[in-house]
Amino acid sequence: MHALIIGGGIGGLAAAIALHRHGWQVRVLEQAPAFTEVGAGLSIQPNALRALEALGLGDQVRAHALADAPVGIRRADGTWLIRNDIDRLTRRHGPWLTLHRADLLAILHQALPPESLETGVQVHQVRPDGTVTHTDGTCTADVVVGADGVHSATRRSLWPDAPPPRYVGYTTWRMIAAARPVEGSVETWGQGQRFGYAPMADGRVYCYAMANATQGTTIGMADLRRRFAGWHHPIPALLDTGSPDAVLQHDTYELPDLDTYVAGRVALLGDAAHAMTPNLGQGAGQALEDAVVLARSLEAARLGDTPVAEALRAYDRARRPRTQMIARRSRRLGEMVHRASTPFAVARDTAMRITPSSVVARSMTPVLSWTA
Ligand SMILES: Cc1cc2nc3c(=O)[nH]c(=O)nc-3n(C[C@H](O)[C@H](O)[C@H](O)COP(=O)(O)OP(=O)(O)OC[C@H]3O[C@@H](n4cnc5c(N)ncnc54)[C@H](O)[C@@H]3O)c2cc1C
């Protein structure tokens, strides 16, 4: 049985690995001329690590990552709003990892036969019968996986009436700062903006910032340094060591809920199905979970016991409620952090300070408790 995967990001590669491990012949079409990823850091939470373990890649990922549960949330002046009990958090949910996105992608590439990966091929159109039109012609497969990201051509082809991705009102920067000791993974909230950092295995520090902004506004390093100049140590120092050329800025989008992730022989996966705000650090984790569940759902079809379309409906039933629940939680968290009014921020910070860390740890259970 042949599977065609559109898009060679984290979701597409993970889907190809999962299907390949289940005996499918896989072919990945990626529009970029080469598999190069600049990227920055990536948090792999316990559920995402379980998905990677199911793909047989847990040890390799651990070898490149730093185990680092979130220490807590601070205010711009350094006051702690929440200080997590790391031991309890890790005991309850399992390890949290931070690694470079490029390292994860390299691990995923190496898990696939090189001949299954084709670059420089852009898909234009997909039909429910598994016919795919791309730069080099037309092909068909028993199953087609649309893992082509938030602006998915697969989704546009098969869900022409679905609302487009929505800009959520804030822009995001990511960068890697020079090596320095930091106390762990911390996020700091201001009014309409925030800053986060997490140490990586080689001592460098993954940093990200988000701020309310009009869609399409480009904000450079000098402005970023000015915005966070008065924030607690080590934020200004981290920004001083980041190279202006290596800062990635992206506007933040989410995809309004779809009624189904499947159409005939075609399934959407990862951001193409459920692009979510990065507030919970779960987008890649959900794409990895999708990949594991997709391959399992399709097993009966591979054995000839069930039609492909029926197996894909089982994937949709398993994945849509969970991913849309997580997208909703992520959106709400962003709305709370990015509301710029002072009275709201004071009330929010007070509520955070009086919430026991055990309650915070418990509230994460529905997201983090997934097992393969
Ligand atoms: C600022 C930020 C921070 C984040 N941090 C985290 C985090 O810490 N942890 C986490 O789990 N998630 C995080 N995420 C989310 C995560 O990055 C995404 O959810 C994840 O990368 C989605 O992977 P994907 O493979 O579905 O899509 P993508 O990574 O977008 O990959 C899609 C691929 O398809 C290709 N493609 C597109 N169109 C076509 C076409 N027509 N033909 C062929 N190929 C095509 C693209 O070139 C691309 O390679 C973050 C996101 C952002 C924006």
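Modeller: Helices here are DSSP runs of at least four residues and strands are DSSP runs of at least two, numbered from the N terminus. Keep in mind that this is a predicted model.

Colleague: Which helices and strands each supply at least two residues of the shell around the ligand?

Modeller: The shell around the ligand holds 30 residues. Strands E2 (25-30), E3 (41-44) and E13 (166-177) each give at least two residues to this shell. The helices that do so are H1 (10-21) and H10 (283-297).

Colleague: How much of the ligand's accessible area does the protein cover?

Modeller: On its own, the ligand has 1000 Å² of accessible area. The part of this that the protein covers is 83%.

Colleague: Why is the pair of Phe 195 and Phe 228 edge-to-face?

Modeller: The count of aromatic pairs in the model is four. In the pair of Phe 195 and Phe 228, the ring centres are 5.3 Å apart. Planes over 60 degrees apart count as edge-to-face. The planes of these two rings stand at 65 degrees, so the pair is edge-to-face.

Colleague: How many residues apart are Phe 195 and Phe 228?

Modeller: Phe 195 is in strand E15 (residues 193-199). Phe 228 is in the loop between helix H7 (221-227) and helix H8 (235-241). The pair therefore links distant parts of the chain, 33 residues apart.

Colleague: Are Phe 195 and Phe 228 buried or exposed?

Modeller: Buried means under 20% relative accessible area. Phe 195 has 1% relative accessibility, and Phe 228 has 0%. Phe 195 counts as buried, and Phe 228 likewise counts as buried.

Colleague: Which peptide bond is cis, with omega near 5 degrees?

Modeller: Look at the loop between H7 and H8, where Pro 234 lies. The cis bond, with omega near 5 degrees, runs from His 233 to Pro 234.

Colleague: Why is E15 largely enclosed by the rest of the structure?

Modeller: In a regular strand the side chains alternate between the two faces of the sheet. On one side of E15, Gln 193, Phe 195, Tyr 197 and Pro 199 are buried, and on the other Arg 194, Gly 196 and Ala 198 are buried. E15 is largely enclosed because its buried residues number seven of the seven.

Colleague: How many bridges pair E15 with strand E16?

Modeller: Strand E14 (residues 185-189) runs antiparallel to E15, joined by four bridges. E15 also pairs in the antiparallel sense with E16 (residues 205-212).

Colleague: Which residue in the turn between E15 and E16 has a positive phi?

Modeller: E15 and E16 form a hairpin with five residues between them. The residue in the turn with a positive phi, about 95 degrees, is Gly 203.

Colleague: Which strands stand at the edges of the open sheet of six strands?

Modeller: The order of this sheet is E8-E2-E1-E12-E19-E18, with mixed pairing. An edge strand here has a single partner strand, so one side of it is left without a neighbour in the sheet. The strands at the edges are E8 (117-119) and E18 (262-263).

Methods. Residues numbered from 1 in each chain as written. Predicted model: local features only at pLDDT ≥ 70, side-chain atom pairs only at ≥ 80, totals over all residues. Heavy atoms only, no water. Phe/Tyr/Trp six-rings, centres within 6.5 Å; stacked < 30°, edge-to-face > 60°. Buried < 20%, exposed > 50% of the residue type's maximum accessible area, 1.4 Å probe, protein only. Near = heavy atom within 4 Å. Areas by Shrake-Rupley, 256 points an atom, 1.4 Å probe, with all protein chains shown as cover. Pairing = 2+ DSSP bridges.
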